[in-house]
Amino acid sequence: MDRQKDPPRVPELQLNFIKHLVAPLYHSMANSCLVPGAWVEIDQDGPSGAENSGSTSDLNSAKPNIMPHTHKFESVLQKNLDANYAIWKERNEVYQSALKKEAQSNGIKEEEEEGAKV
C-alpha cells in the first residue's frame, strides 16, 4: 500500500483490528472474570423459544440437544465494542460502495480515452 497514491482504508483496517485483536482480547478477559459486568437471567418463555421448538428443518435436527443458556453476561465494554464494530461496519460498506462507483467511473473514462485515441 502506497501512502501517496492509494486512498486510506481506515474502515477496513478498523474492522480487522476489532475482529482480530480487540474482540479476542475482550473474550479472554471476560472468560477470566476480569471484565466488570453482571450476569442477567434470560427469559425462556419469550416468543423466540416457541419459534425454535416449532420449526423442524434438516439443519436443526442435525444439531445435538444442548441445554439452553439461562444467564447472559452483560458489560458496558461489550456494548461499546458492539456499537463501535457496527459503526465501522457501516462506514466500511459506504467506503466499499464509493470505491466501486469510482472504479466504474474510471472504467468509463478509460474507455472514452481509448475511443478518442483510435
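Biologist: What makes Leu15, Ile18, Ala23, Tyr26, Val35, Leu81 and Trp88 a nonpolar core?

Modeller: In this predicted model, these 7 residues make up the largest nonpolar core. The term applies because a nonpolar core is a set of buried residues of listed nonpolar types, joined through side-chain atoms within 4.5 Å.

Biologist: Which elements give two or more residues to this core?

Modeller: They are α1 (10-31) and α4 (76-117). Helix α1 gives the most, with 4 residues.

Biologist: With which residues is Leu15 in contact, leaving aside its neighbours within four places in sequence?

Modeller: Leu15 is in contact with Tyr85, Trp88, Lys89 and Asn92.

Biologist: Where is Asn92 placed, and why does Asn92 count as buried?

Modeller: Asn92 lies in helix α4. Its relative accessibility is 14%, and buried means under 20%; Asn92 therefore counts as buried. Not counting residues up to four places away in sequence, Asn92 touches Pro11, Glu12 and Leu15.

Biologist: Why does Leu25 count as exposed?

Modeller: Leu25 has its place in helix α1. The cut-off for exposed is over 50% relative accessible area, and the value for Leu25 is 53%; Leu25 therefore counts as exposed.

Biologist: What makes Leu25, Met29 and Leu34 a nonpolar patch?

Modeller: These three residues form a nonpolar patch on the surface, and together they have about 300 Å² of accessible area. The name is used because a patch of this kind is made of residues with over 30% relative accessible area and no salt bridge, with nonpolar side chains joined within 5 Å.

Terms used:
Residues are numbered from 1 along each chain as its sequence is written. This is a predicted model: local features need pLDDT of at least 70, side-chain atom pairs count only at pLDDT 80 or more; totals for chains, interfaces and linings use all residues. Side-chain values use heavy atoms; hydrogens and water are left out. Buried means under 20% relative accessible area, exposed over 50%, partly exposed in between (1.4 Å probe, protein chains only). Contact means heavy atoms within 4.5 Å. Patches are made of residues with over 30% relative accessible area and no salt bridge: like charges are joined within 9 Å, nonpolar side chains (Val, Leu, Ile, Met, Phe, Trp, Tyr) within 5 Å. Accessible areas come from the Shrake-Rupley method with a 1.4 Å probe; for residues, only the protein chains shown count as cover. A salt bridge is a side-chain nitrogen of Lys or Arg within 4 Å of a carboxyl oxygen of Asp or Glu.
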